[in-house]
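Hi,

Here is the structure I promised to pass on. Have a look at it first, and my notes follow below.

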Amino acid sequence: MGIFIDIHQFPCLNDNYGYLVHDAGSGETAAIDTPDAERYLAEAKLRGWTITQIWNTHWHPDHAGGNLRLKEETGCRIIGPAGEAAKIPGIDQAVKGGDAVMLGEAKAAVIDVPGHTLGHIALHFADQSAAFVGDSVFALGCGRVFEGTMEMMWQSLKRLKALPPKTQLYCAHEYTASNARFAVTIEPENKALKDYVAWIEKRRSDNLPTVPALLERELATNPFLRADLPEMQLAMGHAGNAAATFGEIRGRKDRF
Ligand code: ZN
Ligand code: FE
């Protein structure tokens, strides 16, 4: 329902996904992060779109490194996280959780998801059941906790868990196959996970993306989103403590 937006997804750099979001009504096009400016310009040109905005999820160079080049070429407006605005090249507008950003008539809600970086945000188009989550959550994984704490990252994942289950998560990287190899070490008996892993292997052998990821499926399979389950907490040795359970899983993945 509501306003139709066109989401164009393409691989960038080694394992990033680039996204261009287009609203035909207004002609506006948003670049979600800027891993590779030249690639974004070429993909927009192919579709006859002009990039009018950049929406950054966080400051890492594989997300904001193309900002200045795209701005120079298109004069686009750059919107990024208030919590790390000083690190976002060319930023025009800083936003934080609870704010809304507009692409023509289409509205995206800003969600604070700190942990990977301290200002990391996600952008949720509720009417379109689409969330651009950067490096906060991945298919069967989550971002490394570089700047925040395990507790902070768990609270961020809880915000994403609370989105409608039919939400498609547009993650910034294709890490799913390696995430799957780890996930089965945490929940070897999870039937939904086994089915998902088989699907992932098929998709990757056909050279197809596994992203976007349906939140509903992630809730049933992604170990990082399952730290609030009593059986998971028990298995990780932290009964009754979701944040510590999350931290244990994250630590195991870091050493995997
Ligand atoms: Zn990152
Ligand atoms: Fe990244």
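Histidine 58 and aspartate 135 are both buried (buried means under 20% relative accessible area, exposed over 50%, and partly exposed in between, with a 1.4 Å probe and protein chains only). Bear in mind that this is a predicted model, where local features need pLDDT of at least 70 and side-chain atom pairs count only at pLDDT 80 or more, while totals for chains, interfaces and linings use all residues. Residues are numbered from 1 along each chain as its sequence is written, chains are lettered from A and ligands numbered from 1 in the order in which they are written, and side-chain values use heavy atoms, with hydrogens and water left out.

Both residues belong to the metal site. The zinc ion (ligand 1) has His58 (NE2), His60 (ND1), His116 (NE2) and Asp135 (OD) as its protein donors, at 2.2 to 2.3 Å. Donors here are N, O and S atoms within 2.8 Å of the metal (3.2 Å for Na, K and Ca), and sites may look incomplete because water is not among the atoms. Along the sequence, the zinc donors follow the spacing H-x1-H-x55-H-x18-D. The iron ion (ligand 2) sits 3.2 Å from the zinc ion (ligand 1), and aspartate 135 coordinates both. Histidine 58 lies in the loop between strand 4 (53–55) and helix 2 (61–64), and aspartate 135, 77 residues apart from it, in the loop between strand 10 (130–134) and strand 11 (137–138). Helices (H or I, at least four residues) and strands (E, at least two) are DSSP runs, numbered from the N terminus.

Now for strand 10, which holds phenylalanine 132. That residue is buried, with a relative accessible area of 1%. Leaving aside neighbours within four places in sequence, phenylalanine 132 is in contact (heavy atoms within 4.5 Å) with several residues, among them Ile7, Val21, Leu123 and Tyr170. Tyrosine 170 is also its bridge partner in strand 13. Strands 10 and 13 (residues 168–171) run parallel and are joined by four bridges; two strands pair if DSSP finds at least two bridges between them. On to the next pairing: strand 13 and strand 14 (residues 213–214) are antiparallel, with two bridges, and glutamine 168 has leucine 214 as its bridge partner in strand 14.

Happy browsing!
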